[in-house]
Structures are given as structure tokens and as C-alpha cells.
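Subject: Structure for you to look at

Hi,

Here is the structure I promised. Please open it first, then read my notes next to it.

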Amino acid sequence: MTALRLGTRGSALALAQARAVAALLGEAELVKITTAGDVDRTLGDKSRWTGALEAALVAGEIDLAVHSAKDVPGQLAPGTAIVATPRRAEPHDTLVGEASLDGVREGARVGTSALRRRAQLLAARPDLEVVDLRGNVDTRLRKLAAGEVDVLVLAAAGLSRLGRDAGVRLPFVPAPGQGVIAVQGREGSAAADAAQAADHPATRAALREERAAVAALGASCRTPVGVFCDGARVHGFAGRPDGSEWLIDEASSGAALAARMLAAGAAELLA
């Protein structure tokens, strides 16, 4: 078949991810698509990052869409599926600007836009001031260098894919799908079949468990939830954004984890 058209956002990280997929698939053309999230980062749910790519896929304007798995909503467009997940990168959160979380000075300003990170930061260090900091990785690093915040919390995978210093690993439960690239295709298409060359079965299995837990918990990008499958166990976090209450648990599957957390009051914490 002719070169596959891979739809991707135009950010440096999105392009790095798309190039990684292209390298696994052979000949491929990157098609840059502007999403609603690129235009306005402050509004909407996860679909703001994926909707335009998904629409182009359904319309046949691209053969495959390349996403950060943590941005992919639970419901995909009819007739499409996640057809490949390359080997997962480092899934954890990382601290940039200090050697450890304990070493961050009292009252320091910590930059992050994720409610999940905010909740886990304040659960561990209620003295910190969490600053809502948006923008791509380089923008956030520039804001750190300019003194707008004292430290940052970022995904280790994003830093690694951009060739940046990975920082210090934090003992937080990651976002579901963090570190995973999700390749979406039209079910039954030749491109979907070709995408199997990029698939890593263990990563796909872990992502499936994480997404199952998220669906059962009724979680979204606006809820402080972390879910991570390490291959043997599925770990979960749910808490209030101010860090005042939280649950941490683990189970043998995503469905079992969600059932345990709901029985322990996760729905009330996330309401």
C-alpha cells in the first residue's frame, strides 16, 4: 500500500510521538491537524485534543491518528478502535527543579495543570502552593526558568521523548495511559492491519485495564484519578483536589480495582 498518512497534532511532543510510530511502520507521511485544545487549552474535555484527529480519520483524510493515550476519551467514534500501542515509555510523574519532594521548601510554588497531580501533591505536602500552569513542555520549562514557579511536575515520558532531563521520579499514581501512544484506526482497514507492526501486546493489555477502571469509576480529565497497571497489579488513586481526603488501592484487574474503590467511597470523593 502507499505511504500511511498519520494524523498528529503539531506540537513538538505530538510530532515526536508520531515520528516514533512512523519509524515502526516504515514509510509514512505525517499530517498535522490543529485541535480545539491547541486553539484554547482552558475549555472542554479530553476530546478537545483528539476530536479533530478523529474526525479526519472518519472522513478518510488520514489513515491513522496518533494520540497520547491519556488524552483519548473512553468512547471512540463508531467504526474506529485503538489498533496499536507501541511499547510504553516511563509512565511516572517527575519533579523538575529540586532533588526530592521532601527537599522542596515550605510554601513553594509548584506548577501543574492536572487535578490528579494537585491532589497527590497536597496529600503529601499540604504546605505547598499549587499553581495552574499550562502550555507545552518547553513553555513550562521556560516559566520555571523565569521564576514563575519554584518547581514543576511533568510526565517523565514527555521529557524523555523531547530529549530533556527526566527529573526526579515521584511516588504518585500516574494518569491512565500516561507514557502510552495510542494509534487509532478504522476497524477492518488495511491501515489498521498495517498498524499491528507498531503494537506492543503488554502495553495494550495494561492500557485496556486502566481504561476499564476509568470507565467504571466514571472518571474524566476533570477528576483527580490515577490508574496504573504494572503488568501484575492495577493501582489506583482518587482524591479531593485540595488533598484533604484520598483513597489508594490496588487489585488484579481494572474492573476489580474500580469496584473496590467505589465500595470504599471513591464516588463521593469525585462528586
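Below are my notes on a sheet, its core and a few residues.

This is a predicted model, where local features need pLDDT of at least 70, side-chain atom pairs count only at pLDDT 80 or more, and totals for chains, interfaces and linings use all residues. Residues are numbered from 1 along each chain as its sequence is written, and side-chain values use heavy atoms, with hydrogens and water left out.

**The sheet**

Start with β11, β12 and β13. These 3 strands form an open sheet in the order β11-β12-β13, with antiparallel pairing. Strands (E, at least two residues) and helices (H or I, at least four) are DSSP runs, numbered from the N terminus. Two strands pair if DSSP finds at least two bridges between them. β11 (225-229) and β13 (246-251) are the edges; each has a single partner strand, so one side of each has no neighbour in the sheet. From one strand to the next, the twist averages 10°. β11 and β12 (residues 234-239) share 5 bridges. Look for Cys229, which stands opposite Val234 in β12.

Two helices lie across these strands. Helix α9 (residues 254-263) lies across β11, β12 and β13, at about 145° to β13. Axes are lines fitted to C-alpha atoms, for helices over the stretch in contact (heavy atoms within 4.5 Å). Angles run from 0 to 180 degrees between N-to-C directions.

**The cores**

A nonpolar core is a set of buried Ala, Val, Leu, Ile, Met, Phe, Trp, Tyr and Cys residues joined through side-chain atoms within 4.5 Å. Buried means under 20% relative accessible area, exposed over 50%, and partly exposed in between (1.4 Å probe, protein chains only). The largest nonpolar core has 18 residues; Leu217 and Val225 are among those that touch the most other members. α8, β11, β12, β13, α9 and α10 (266-270) each supply at least two residues of this core. The largest share, 4 residues, comes from α8. Leu217 touches residues including Val225, Met261 and Ala266. A second, separate core of 16 residues includes Leu25, Ala81, Ala84 and Ala198.

**Arg204**

Arg204 also lies in helix α8. Arg204 is partly exposed, at 26% relative accessibility. Its side chain makes a polar contact with the side chain of Asp199 (3.2 Å). A polar contact is a pair of N or O atoms within 3.5 Å; within protein, one must be able to donate a hydrogen and the other to accept it, and residues adjacent in sequence count only if both atoms are side-chain atoms.

Where is Gln178? It is in the loop between β9 (168-169) and β10 (181-186). Gln178 is buried, with a relative accessible area of 1%. A polar atom of its side chain lies 2.9 Å from the backbone oxygen of Pro91. The side chain of Gln178 also makes a polar contact with the side chain of Asp93 (3.0 Å).

β5 pairs with β8 (residues 151-155) in the antiparallel sense over 4 bridges. There, Asp93 stands opposite Ala155. β5 and β9 are also antiparallel, over 2 bridges. Thr94 has Arg169 as its bridge partner in β9.

Best wishes

How values were computed. Lists of a residue's contacts leave out its neighbours within four places in sequence.
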